[in-house]
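Dear colleague,

I am handing over the structure that you will find just below, and after it I have set out what was found in it. Please keep the sequence and the 3D view open while you read.

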Number of protein chains: 2
Amino acid sequence: MLPGVGVFGTGKLLEAVVPHLRSLGFRVVALWGQTLEDAGNVAGSLHIDYFTSRIDDVLLHKDVDLVLVLSPPSLQSQIAVKAMGIGKHVVCDRPAGLCQSELLKMVLAAQYYPSLLSVVGYGLRYLPAVRQLRQAVRDGYVGDVRLVEVRVTCGSLLEGAGYSWLCEPAMGGGLLSLIGSGVVDLVSHVIGQRARRVHGTLRTYTRQTRLIAGIRHVGSDDFCTFQMEMDGGALVTVSLNAHLSGLQQEVVVCGDWGHLTVRGADLLGFRAGQHETLHRAAPGEAAAPPLPEAGPQPALHAAGLLRLLAAVAHSFADGEPLTDAASFQDGQYVAAVLEAVRVSAATQAWTQVNIRSRMLETNYLGMALKAADA
Amino acid sequence: MLPGVGVFGTGKLLEAVVPHLRSLGFRVVALWGQTLEDAGNVAGSLHIDYFTSRIDDVLLHKDVDLVLVLSPPSLQSQIAVKAMGIGKHVVCDRPAGLCQSELLKMVLAAQYYPSLLSVVGYGLRYLPAVRQLRQAVRDGYVGDVRLVEVRVTCGSLLEGAGYSWLCEPAMGGGLLSLIGSGVVDLVSHVIGQRARRVHGTLRTYTRQTRLIAGIRHVGSDDFCTFQMEMDGGALVTVSLNAHLSGLQQEVVVCGDWGHLTVRGADLLGFRAGQHETLHRAAPGEAAAPPLPEAGPQPALHAAGLLRLLAAVAHSFADGEPLTDAASFQDGQYVAAVLEAVRVSAATQAWTQVNIRSRMLETNYLGMALKAADA
């Protein structure tokens with residue numbers, strides 16, 4: 001039997017996730033929301049019997065064995081660490097914490113309970129086009145990977161939203177944190193290389209909106225471009241632009257003798273002078289109704305998360321280990337890269353990616369930025 | 001009557017340019033080639049009476065009043081400077097010289113003869129989609145311009161070519177020089193802002209080909225990404241990738257309340273929640289038969305050059321000044337930006353764009369790179 005699930009979060013994503021969990025055979029046992037009112041409203045509309053605004057009440061619930069963390073980023077790490085501490089499986093939405101320290105705490109917690117499932121919700125890995133892309137790269141379709149270009153364009157992540165954590169980079173808001181994290185994970189997963197050095201540029205152009213005005217300002221980035229030098233020799237360039245409309249995502253992997261392109265949920269290949277379509281997405285493959293196409297949780301990402309949850313269900317049902325999922329270590333790597341991009345943007349210099357194995361008492365990102373200022 | 005034209009160069013571009021010049025009413029009087037044999041062959045097939053391998057013979061030809069410089073970049077500046085020195089009009093293909101010094105010589109030569117036409121062949125300016133883009137930006141379609149993203153993908157510029165100047169960055173080869181120059185000019189022309197600081201990354205992945213092997217190596221860049229901070233506050237990101245196939249060019253201009261996209265030769269707009277097609281290219285609009293789509297002289301660029309030549313013809317016929325064309329000063333600005341990108345790529349740091357007004361005896365780019373090394 002599949003474990004009972006406790007869900008953290010009350011966002012729109014739940015409207016897609018909760019019915020999906022049930023269709024997979026999970027029981028959704030408990031729901032946590034930041035206020036009791038939020039929790040009650042969402043629990044009511046999604047028919048979840050137990051709801052609360054106290055984190056421990058869900059974690060200690062006797063029927064909850066799997067914790068699904070869809071809360072704002074500032075709470076993700078502490079929920080995940082606590083959950084593992086009392087022996088619950090964890091699937092934690094991206095970016096799974098605000099900085100590398102938070103991810104490192106999760107990594108350390110997971111090491112004490114290696115039998116527990118500990119997964120970061122980088123669901124793009126599970127899209128059929130991405131799976132096939134990875135396989136094709138491994139099979140040598142393009143030869144040695146030299147270059148990866150990723151381009152994501154979307155509308156404002158703040159569309160229709162009032163002031164919230166989305167407006168604050170320190171709270172996990174912004175394109176780099178919400179979209180860039182998934183891109184960094186995707187690239188490493190696909191080409192099997194990790195970033196050694198990065199150079200980044202971040203911009204916030206839209207500082208106020210119709211709904212965020214007066215003394216409120218948006219501080220989170222709505223444009224971001226960064227380059228990564230990978231340990232296997234590849235160069236990766238990423239451009240994220242939230243000044244367009246609708247989500248468009250393109251990943252191009254170039255090698256010695258060909259290239260592969262994931263455009264949306266399709267996979268296209270080119271080698272020996274020939275173009276070919278390696279995967280054509282079925283209708284709805286990249287969608288997660290009733291979620292909209294874009295917004296802070298784009299449908300493409302949500303569709304990936306739903307597939308990840310399906311893999312989790314299969315893993316529990318068959319007793320097989322979960323393959324291809326992002327571990328907390330993978331999550332820490334992504335956090336380290338994002339930190340390096342922020343330091344680079346602040347210092348305007350190429351910046352080393354440092355993956356730490358020990359906890360520091362103080363905020364590493366803050367220290368690095370301060371050192372760069374001096 | 002239109003002036004007689006002396007053409008420098010024997011490349012494939014001439015097969016499109018010479019018939020076009022004649023259809024505009026120009027007489028093509030003389031042809032120069034690097035060897036007499038080359039010149040003779042091309043003159044024969046294009047029915048040009050006079051051909052030579054001596055530069056002065058074309059410049060001093062009594063019926064030549066307009067010099068069209070389509071030679072390799074290493075010769076462009078000296079031909080243009082000489083031509084102006086003896087009172088001939090000059091249209092010089094991009095990049096119009098190897099470094100800022102060469103462009104500055106052209107600027108100084110042009111200042112002595114202000115009545116002569118002195119134009120750099122940045123023909124993209126003349127494509128209908130680009131003209132409309134510029135007008136729409138000026139009319140405030142997007143509001144203040146914040147961001148410009150340019151992405152050009154193409155196949156290898158060396159496809160089917162043996163070892164030549166195309167393989168040497170010091171001789172004007174490479175993506176940055178051949179494609180990037182046009183992009184830098186285009187962006188400044190469209191948004192009316194100039195680069196103040198740049199950050200660039202250059203790579204050469206393909207070092208040998210089937211036709212370039214043995215002791216020969218390719219040194220010119222086949223991948224390039226750079227960012228430009230503009231004097232009007234906009235940020236421009238450019239990505240040039242010669243590891244794909246066929247030419248694709250996209251220019252996205254984002255502003256306060258909308259965005260405009262030139263994709264190939266089409267212009268698309270978005271504002272107030274609505275997409276619209278502002279220009280749909282007619283069949284053949286972006287082509288210059290018999291030139292191929294891609295290669296070192298992509299059809300899109302050639303199509304622009306043909307339109308520029310048409311504007312030159314109208315200007316001579318009507319006695320009206322030529323509007324919208326790139327002056328030698330514009331060419332010098334582009335060369336200064338390309339130099340800064342090269343310095344940035346070598347020093348891995350953001351680099352100031354310095355536009356010089358005085359000649360230096362020594363090579364400025366070499367000095368800057370040396371200073372950065374020390």
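Predicted model: local features only at pLDDT ≥ 70, side-chain atom pairs only at ≥ 80, totals over all residues.

**Where the two chains meet**

On the side of chain A that touches chain B, at least two residues each are supplied by β7 (145-153), β8 (195-203), β9 (223-230), β10 (235-241) and β11 (248-255) of chain A. Sorted by type, the residues of this side of chain A divide into 9 nonpolar, 13 polar and 7 charged.

The size of an interface is often given as the accessible area that is lost when the parts come together. Between chain A and chain B the buried area is about 2900 Å², and carbon and sulfur atoms give 49% of it. The contact takes 29 residues from chain A and 29 residues from chain B.

How are the two chains related to each other? Chain A is superposed on chain B by a rotation of 180° with 0.0 Å of shift along its axis, and the RMSD is 0.0 Å. This is the relation of a two-fold axis. Of the residues of chain A, Ala349(A) comes closest to the rotation axis, with its C-alpha at 3.0 Å. Because 100% of the interface residues of chain A are also interface residues in chain B, the copies meet through the same surface.

**Two domains within chain A**

Chain A is itself divided into domain 1 (4-122 + 306-327 + 356-373) and domain 2 (124-286), and the C-alpha centres of these two domains of chain A lie 23 Å apart. Their contact takes 15 residues from domain 1 of chain A and 18 residues from domain 2 of chain A.

The area buried between domain 1 and domain 2 of chain A is about 1400 Å², of which 56% is given by carbon and sulfur atoms. In domain 1 of chain A, the residues that lose the most area to domain 2 are Tyr122(A), Arg307(A) and Asp324(A), which together make up 50% of what that side buries.

Asp324(A) also forms a salt bridge with Arg131(A), with the closest N and O atoms 3.2 Å apart. Between the two domains of chain A the count is 2 salt bridges, and there are 8 residue pairs in polar contact, both residues being at pLDDT 80 or more. On the side of domain 1 of chain A that touches domain 2, α4 (73-85) and α8 (299-318) of chain A each supply at least two residues, and the largest share, 3 residues, comes from α8(A). The residues of this side divide into 10 nonpolar, 2 polar and 3 charged.

**Backbone details to look at**

Most residues other than glycine have a negative phi, and most peptide bonds are trans. Against that background, a cis peptide bond joins Arg94(A) and Pro95(A), with omega about -10°, and Pro95(A) lies in the loop between β5 (89-92) and α5 (100-112) of chain A. In chain B, a cis peptide bond joins Arg94(B) and Pro95(B), where omega is about -10°. Ala272(B), a residue other than glycine, has a positive phi near 50°, and its place is in the loop between β13 (266-271) and β14 (274-279) of chain B.

With best wishes

Methods. Residues numbered from 1 in each chain as written. Chains lettered and ligands numbered in written order. Heavy atoms only, no water. Domains from an automatic or database assignment. Contact = heavy atoms within 4.5 Å. Buried area = accessible area lost by both parts, 1.4 Å probe. Salt bridge = Lys/Arg side-chain N within 4 Å of Asp/Glu carboxyl O. Polar contact = N/O pair within 3.5 Å; in protein donor to acceptor, adjacent residues only side chain to side chain. Helix = DSSP H or I, 4+ residues; strand = E, 2+ residues; numbered from the N terminus. Nonpolar A, V, L, I, M, F, W, Y, C, P; charged D, E, K, R; others polar. Least-squares fit on C-alpha atoms with pLDDT ≥ 70 in both.
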